[in-house]
Amino acid sequence: VIPFWKKSIKDNYPLKLTDPKMNRLMFSKKESAELIYNAYKHALELDKSFILSNIMKNVNLAELANIMSSKVEIVGLRPGEKLNETLISNREIPYTRIKDNLIFLFKDIQPKEYNLDKEHSSITAENMTKHELKQLMK
């Protein structure tokens, strides 16, 4: 959404926001590159397949939009669109293994002491600070 909104600002259009209560999990470009590197590194070390993600922070899109511009237009939810997102559901928790800020999702159940303690979603995640939001926009 950030590149789309930056283009809207450049073209002097209001930022289109579906709902002020909309939340999304986000992380920076640097964190994205680090995740790719970590996936590669761990793929070489592990003998089983996995899905890898970071523990991300929540961003309220209205807050982000209002930091970026004073011109925000609420356009309404599209069919099927959700206000919040879930990256790791309660059903998937037994298959997770946490290492530092990484969430591994394996095919097999993992020892409980290494699992996430709750679903990872925009509802349960820590919120980004205004400073972090400004850094995210760079």
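A salt bridge here is a side-chain nitrogen of Lys or Arg lying within 4 Å of a carboxyl oxygen of Asp or Glu. With that rule, the count comes to 6 salt bridges. The structure is a predicted model, where local features need pLDDT of at least 70 and side-chain atom pairs count only at pLDDT 80 or more, while totals for chains, interfaces and linings use all residues. Residues are numbered from 1 along each chain as its sequence is written, and side-chain values use heavy atoms, leaving out hydrogens and water.

Some of these bridges can be taken one by one. Asp 11 and Lys 7 meet through their side chains, at 2.6 Å from N to O. Asp 11 counts as partly exposed at 33% relative accessibility (buried is under 20% relative accessible area, exposed is over 50%, and partly exposed is in between, using a 1.4 Å probe and protein chains only). Another bridge pairs Lys 16 with Glu 73, whose closest N and O atoms are 3.4 Å apart. This pair ties together distant parts of the chain, since Lys 16 sits in strand E1 and Glu 73 in strand E5 (residues 72-74), 57 residues apart. Strands (E, at least two residues) and helices (H or I, at least four) are DSSP runs numbered from the N terminus. Lys 16 is partly exposed, with a relative accessible area of 42%, and Glu 73 is partly exposed at 33%.

Glu 81 and Arg 78 form a salt bridge too, with the closest N and O atoms 3.1 Å apart. Here Glu 81 is partly exposed at 21%, whereas Arg 78 is exposed at 53%. Salt bridges with shared partners also join Lys 57, Glu 126 and Glu 132 into one network.

Now for the inside. A nonpolar core is a set of buried Ala, Val, Leu, Ile, Met, Phe, Trp, Tyr and Cys residues joined through side-chain atoms within 4.5 Å. The largest one has 16 residues, and those with the most contacts inside it are Trp 5, Met 26, Val 59, Leu 61, Leu 64 and Met 68. At least two residues each come from helix H1 (2-10), strand E1 (15-17), helix H3 (61-68) and helix H4 (130-137). H3 gives the largest share, 5 residues.

Met 26 shows what such packing looks like. Setting aside neighbours within four places in sequence, Met 26 is in contact (heavy atoms within 4.5 Å) with Val 1, Ile 2, Met 56, Lys 57, Val 59, Leu 61, Leu 64, Met 128 and Leu 136. Apart from this core lies another, of 6 residues, including Phe 50, Leu 102, Phe 104 and Phe 106.
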